Amino acid sequence: MRREIIIAGRGGQGILLLGHVIGVAAAKFSNYYVTGTESYSAETRGGDSKAEIIVADSAEELGYMKVREADVAVFMYGDQLVKYSRLVKQGAVVFADSTFVTEVPEEGWVLKLAPYTKIAETELGTPRVANMVALGHLVGVTKLLSTEAVEKAIEHVVKKSWVELNKKAFRRGLGLASN
Amino acid sequence: MRAEYVTSNIAIAEGAMASGLKFFAGYPITPTSDILEYLAEELPKRGGVVIQLEDEIASINAVIGASWAGAKAMTATSSPGYSLMVEALSFAIITETPLVVVYVMRAGPSTGVPTRSCQYDVFQVRYGSHGNYELPVLVPWSAQEAFDLTVKAFNVSEMLRVPTVILSDAMLAHTWEKVIIRNPSELKIISRRKPEVPPQEYMPFKPGEDLVPPMACFGDGYKVMVESLTHDERGYYSPTTEVQERMIRRLVEKVRRNSRLIIDYETYFTSSAEYIFFAYGSTARSVYALVKELRREGIRAGLYRPKALWPFDEGGLKKIASEAKRVFVVENNVGLMYKEVAQVLRDKEVISVGIIDLDVPSPDRIKEVISEWL
């Protein structure tokens, strides 16, 4: 098993944290091998932000460190969807935050749209956990990681005072998968 | 033993601590600073000292001093910082000071693109200092290997009393991967040999059979000499051709004769391979992916990947490439190690595939370049 995942959006949307939680959940709390790279612009808000994660059963399978043909993608903003759609393969499962993504090109993807930011803002009290709602949606649909592994990773990575809210957001996202 | 999701930089810091690092001195520089930052947090908890100095020159000199005080010592820098360290590195070579330098390559010349990657410094790392010497250089291709080779770098450095370099690059430095971090009790950790003779009989530069002199440090009760002028076995300045030749040959030979302790490589699909790829560090990751693709297409390609760049593994390379029709040397520069490979494989067609990429040459780009030779 080898899966390429790309997560992209604007700085401030928690893209890198989302990628990091997946990496920790896969490497530390599951039996997978992982390679993760990050890129971001100098601005703390509004610039480009991207995480690329490759998850595999063995270290040998990892190979090239960057995503070439993503099996799974999360786009939290429209501009980055346009910019990085070339890295997403046909048939990929693509998650997008419909709060900001209004148009999706016809690429032969399995599209999963939900208003992550709106859900976070209205139901959880802050748009800052939109990334965890998206993560829940991703995990619920792809079953790439177990709920337990992700929750442990959230506890491991996220600042203590934010853990509960992040876990709540993650579980809210899981719920989107059954819709 | 524990599994963590960390960058190669952090894996190096962990590997150093597992090896018994007791002193780290450094000056912040992209893309290496997080080694200093991480160790500043972690090493004091394990009884070690971390000091940020005014520059790279002071840092490596402090590391030399710490090593002579008996501590396992390390510094970490990137390309421009190494340029500043090479003078003191030469001092460490002639005084046979065990120490480890972490060298994370970044795109130069000069300040170039400070945050981005390259493999431009594979010769500078080896030949940057003045004098005639051998310098072991280990070159990881993953975060796990960064941990493993850091442990090895300390062992080599301590065993042979020679500065040893871990050569990484900006791409690897900030790539997160699963790393199995072993405890010291799960690792083979080697420390410098101490003198076994009484102090009055001790000669600080009299080698053992392995050509390495046992090392007395300050405070051990022996007469300690740290002499940067050409010296005899007693450590006394001796400006004669005879002593110079003996010293130079020993400094070189102690590494060459013990090169089996340093040299290591991995091969992938090389048996019956028509095309052998030579690649190292982050670029080898791309080549590995490409070789797998070529195999799927029915092209008999294989990868030879040195884990030690210096001393150069002539024997291993010759053996692996003996049946190959063509050898491609793929690297993130204009073709540097190519010269070394071509010299060793004189009877082969060796093709330089030098690709400049601020991250790492992609498998697609490499394939584009080599396709006309397949």
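How are α5(A) and α6(A) oriented to each other?

## A helix pair in chain A

α5(A) and α6(A) are roughly antiparallel to each other, a label used for angles over 145 degrees. In this predicted model, helix α5 of chain A covers residues 147-157 and helix α6 of chain A covers residues 160-177. Their axes come within 9 Å and cross at roughly 155°; axes here are lines fitted to C-alpha atoms over the stretch in contact, with angles running from 0 to 180 degrees between N-to-C directions. The crossing is right-handed, meaning that the near helix is turned clockwise from the far one by less than a right angle.

From α5(A), the residues A:Thr147, A:Val150, A:Glu151, A:Ile154 and A:Glu155 meet A:Val163, A:Asn166, A:Lys167, A:Phe170 and A:Leu174 of α6(A). Contact means C-beta atoms, placed from the backbone, within 7 Å. By class, this contact has five nonpolar, two polar and three charged residues; Ala, Val, Leu, Ile, Met, Phe, Trp, Tyr, Cys and Pro count as nonpolar, Asp, Glu, Lys and Arg as charged, and the others, Gly among them, as polar.

## Chain B as a whole

Chain B has twelve helices and 14 strands, taken as DSSP runs (H or I of at least four residues for helices, E of at least two for strands) numbered from the N terminus. Its radius of gyration over C-alpha atoms is 21 Å, close to the 21 Å from the globule rule for 374 residues, so chain B is as compact as a globular protein of that length. That rule is 2.2 Å times the number of residues to the power 0.38.

The C-alpha trace of chain B spans about 70 × 45 × 40 Å along its principal axes. Among its contacts between residues at least 6 apart in sequence, 75% join residues at least 24 apart.

## Inside chain B

Of the 374 residues of chain B, 52% count as buried, that is, with 20 or more other C-beta atoms, placed from the backbone, within 10 Å of their own. In helix α2 of chain B (residues 33-42), B:Ile35, B:Leu36, B:Tyr38 and B:Leu39 are buried. The cover over these residues includes α1 (8-18), β2 (21-26), β3 (49-52), β4 (72-78) and β5 (100-105) of chain B.

## Where the chains touch

In chain B, 19 residues are in contact with 14 residues of chain A. β1 (2-7), β8 (176-181) and α9 (281-296) of chain B each give two or more residues to this side, and α9(B) has the largest share, six residues. The residues on the chain B side divide into eight nonpolar, five polar and six charged.

## Conventions

Residues are numbered from 1 along each chain as its sequence is written, while chains are lettered from A and ligands numbered from 1 in the order in which they are written. As this is a predicted model, local features need pLDDT of at least 70 and side-chain atom pairs count only at pLDDT 80 or more, whereas totals for chains, interfaces and linings use all residues.

Technical notes
Buried ≥ 20, exposed ≤ 12 C-beta atoms within 10 Å, placed from the backbone. Contact = placed C-beta atoms within 7 Å. Parallel < 35°, antiparallel > 145°, perpendicular 65-115°, else oblique.
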